[in-house]
Amino acid sequence: MFVLLVSAAMIGYFHHLGRVEEKVALQALGRANALFLDQSNLPQSPHMANQLGRVMGAEVAFYAKNRSGIGEANGKALRIGQHIHVGYRLASGKEAWFSRKMNHSGAYAVWKRTDARIGLGGFWLIALLLALWLGRKVTQPMSKLAAVLPKVGSDESLRELPHSGPLEIRELAASLKQTHESLRSERAKRQHAERLALLGQMAASLAHEIRNPVAAIQLHAQLMERVCETSEASSAATIIAEAKRIDNLVTQWMQFARPRGIRKERFDLDLLFEDLKTALLPQARHSGATITIDAQGDVCSIEGDRERLRQVFWNILLNAIQSMPDGGRITVRLSADHVTIEDEGAGFSSEALEHLGEPFHSHREGGMGLGLAVSMEIIRAHGGVLSAENRQPRGAAVTVRFNPSC
């Protein structure tokens, strides 16, 4: 449509140029003949007008001054109907008027000129190049969008989305990316919910079956410990400890599958960690680890579930102790808005950091991969964030950020 409209406009312009050239040509011809009549002694009669008209290829007429009825004879071309008229005053006092019918093929006449052909041909070439450029700007981003459409909602990232082009294409690409991320997030949530539901069913069916024999083993081991010799009593103590470990694993499993609600109360963080330090003292001594509490400034009291948060920090501290079988130092840094637990162990692997908090993803021998998963769920329920990183030159740091009320 653009090319057609501009082509029609250019043809109209050529037609106008043809009309202008006709006027200019008639003016020049009339001026030359009027000068010739002034300089000659030829009679200014109808016969002479007829003869001049034949030579000029136009109509010629002589009128008395201001008696032509056409207009003022001042050498300007006048268009009346389909004719062009131009008049000149002669030295004799008469007016010589020259008339010619306009050529309807003026545009074609101009088109036969080389400059007109070059002008219109150049425009068509520019229009073609512009159309190809505009089409490529639209089709290239659209082809990229079409290529990534099958990937929307999949696990793959949409890296091939166009980042340039028309505004509408960029907005469509941004909408596709947002839709893709929303679908991935919803699928991940659904898969997580399905795993929890399956885990809940398994936990409900197995917890009772596991705990009953574990309780019986503990009871009989305790009875044996009382009556056995010293060498045998150590074996009974080992049985009791391993039975407790099984019971703790089942409890951890149940808490992850069917977490209970948060029961908030106000308590002091420093007192909580002093209690944890005392409770974990046997495990720390066994591994040769020391626990140091560094309270930075005024440690605030927080509003939260004390038992659930105790479980979180117990898991983190126990992981830190187990990461240092040859001993080391554990530092608990308390501040007004976060808690950081640092150790001098081997640190996290890149895969462990990538899958931090995912259930059943553990790199520790004998671990179920539920400790950090449960901890992250508890911290998230408190409106906080749990993160982990490796320290230099060795060791790891786990940070829990929250907004305590001082």
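Colleague: How do the axes of helix H7 and helix H9 cross?
Modeller: The axes of H7 (residues 269-279) and H9 (residues 306-322) come within 10 Å and cross at roughly 50°. Helices here are DSSP runs of H or I with at least four residues, numbered from the N terminus. Axes are lines fitted to C-alpha atoms over the stretch in contact, with angles from 0 to 180 degrees between N-to-C directions.
Colleague: Which residues make the contact?
Modeller: From H7, they are Leu269, Leu272, Phe273, Asp275, Leu276 and Ala279; from H9, Arg306, Arg310, Phe313, Trp314 and Leu317. Contact means heavy atoms within 4.5 Å.
Colleague: What is the source of the model?
Modeller: It is a predicted model, in which local features need pLDDT of at least 70 and side-chain atom pairs pLDDT 80 or more, while totals for chains, interfaces and linings use all residues. Residues are numbered from 1 along each chain as its sequence is written, and side-chain values use heavy atoms, without hydrogens and water.
Colleague: Turning to the backbone, which peptide bond is cis?
Modeller: The bond from glutamine 392 to proline 393, with omega near 5°. Proline 393 lies in the loop between E10 (385-390) and E11 (396-401), strands being DSSP runs of E with at least two residues.
Colleague: And asparagine 66, is that residue buried or exposed?
Modeller: Asparagine 66 is exposed, at 52% relative accessible area; exposed means over 50%, buried under 20%, with a 1.4 Å probe and protein chains only. Its phi is positive, near 60°.
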